[in-house]
Amino acid sequence: MDAEFWHNRWRDSLIPFHKERANQFLKKYFDTLGLADGDEVLVPLSGKSVDMRWLRDRGCTVTGVELSDIAVRDFFNEQGIAASRRRDGAFQILEGEGIKLLCGDIFALDSTHAANISAVYDRAALVALPRELRVRYVDHLLSLLAPAVPMLLLTFEYPAHEIDGPPFSVDEAQVRELYAGRREVTRLESLDRLEDEPRLAERGMTQLQEHAFLLTGG
Ligand SMILES: C[S@@+](CC[C@H](N)C(=O)[O-])C[C@H]1O[C@@H](n2cnc3c(N)ncnc32)[C@H](O)[C@@H]1O
């Protein structure tokens with residue numbers, strides 16, 4: 001999955017992962033993150049997710065990181081937020097009303113960008129990456145964050161032979177392996193989701209679960 005793949009998806013509006021409503025698990029488990037008003041939440045591979053608006057409405061400041069400038073522009077337009085724009089090294093940054101989107105590669109994020117992050121919300125980020133990139137992504141994120149920073153991680157699990165990702169199937173064992181020795185992994189809940197993802201069923205998927213994990217450390 002190179003950058004071109006994602007730029008093409010956004011250019012052609014092939015974005016079935018984008019949902020019009022805030023994620024049910026985010027709403028249900030937000031409080032497990034133990035955040036205070038104004039705390040900053042990192043949303044890696046953010047797309048134009050309305051979950052960022054939901055987090056902001058709950059009092060968080062939000063930092064999203066997203067490759068596609070179409071996604072970033074659309075987010076502010078669709079949310080009716082006037083955004084300022086500036087360049088910061090590898091990133092074009094658009095910012096308004098407590099939401100900052102860094103347009104660029106997550107692997108270019110450095111500790112200066114992550115200095116004030118209080119929590120991470122990963123929905124459809126880990127599962128967007130093929131296995132070798134997943135390992136690199138987790139190592140990179142953990143290299144930037146204090147161990148005490150909690151993460152709410154949502155993944156999909158399905159019979160992996162049924163479709164070519166993304167999304168890729170990431171089960172509990174994989175999550176535990178990826179974060180082994182570095183974060184405590186608690187599975188909060190799992191729900192059948194195939195009915196909500198008809199396009200994946202059309203591609204041949206017969207079972208789909210969404211898992212919610214809380215990752216803690218320090
Ligand atoms: C499956 S989508 C999920 C978007 C969002 N989290 C959501 O829930 O709607 C994955 C997103 O990651 C972005 N992306 C892929 N690789 C990236 C990278 N290396 N750095 C930043 N964004 C990336 C893609 O452009 C795409 O918008």
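Visitor: Leaving aside neighbours within four places in sequence, which residues is Glu-162 in contact with?
Guide: In this predicted model, Glu-162 has its place in the loop between strand S7 (151-157) and helix H7 (172-178). Once its neighbours within four places in sequence are left aside, the residues in contact with Glu-162 are Arg-203, Gly-204, Met-205, Thr-206 and Gln-207.

Visitor: Which side chain of opposite charge is nearest to Glu-162, and how far away is it?
Guide: Glu-162 is buried and yet has no salt bridge, a bridge being counted when a side-chain nitrogen of Lys or Arg is within 4 Å of a carboxyl oxygen of Asp or Glu. Although Arg-203 is among the residues in contact with Glu-162, the distance given for this nearest side chain of opposite charge lies beyond that cut-off. The side chain is that of Arg-203, and it is 10 Å away.

Visitor: How many salt bridges does a search of the whole structure find?
Guide: One of them is formed by Asp-12 with Arg-11, where the closest N and O atoms are 3.0 Å apart. Another joins Arg-73 to Asp-69, with the closest N and O atoms 3.6 Å apart. Across the whole structure, the search finds 14.

Visitor: In which helix do Arg-73 and Asp-69 both lie?
Guide: These two residues form a salt bridge, and they are four residues apart, about one turn of the helix. Arg-73 is partly exposed at 37% relative accessibility, and Asp-69 is partly exposed at 40%. The element that holds both of them is helix H4 (residues 69-79).

Visitor: Which residues are linked with Glu-172 in a network of salt bridges?
Guide: The side chains of Glu-172 and Arg-176 meet in a salt bridge of 2.9 Å, N to O, and because these residues are four apart in helix H7, about one helical turn separates them. Both count as partly exposed, Glu-172 at 23% relative accessibility and Arg-176 at 36%. The residues linked with Glu-172 in the network are Arg-176 and Arg-187.

Visitor: What separation do the C-alpha atoms of Asp-171 and Tyr-29 have?
Guide: Asp-171 has its place in the loop between S7 and H7, and with a relative accessible area of 25% this residue is partly exposed. Tyr-29 and Asp-171 are 142 residues apart along the chain. Their C-alpha atoms are separated by 19 Å.

Visitor: What is the radius of gyration of the chain, and what does the globule rule give?
Guide: The chain has eight helices and nine strands. Its radius of gyration is close to the value that the globule rule gives for 218 residues, so the chain is as compact as a globular protein of that length.

Visitor: What percentage of the residues in the chain are buried?
Guide: A residue is counted as buried when its relative accessible area is under 20%, and the chain as a whole exposes about 10200 Å², of which carbon and sulfur atoms supply 46%. Among the 218 residues in the chain, the buried ones make up 51%.

Note on methods
Residues numbered from 1 in each chain as written. Predicted model: local features only at pLDDT ≥ 70, side-chain atom pairs only at ≥ 80, totals over all residues. Heavy atoms only, no water. Helix = DSSP H or I, 4+ residues; strand = E, 2+ residues; numbered from the N terminus. Rg over C-alpha atoms; globule rule 2.2 N^0.38 Å. Buried < 20%, exposed > 50% of the residue type's maximum accessible area, 1.4 Å probe, protein only. Areas by Shrake-Rupley, 256 points an atom, 1.4 Å probe, with all protein chains shown as cover. Lys, Arg positive; Asp, Glu negative; His and termini not counted. Contact = heavy atoms within 4.5 Å.
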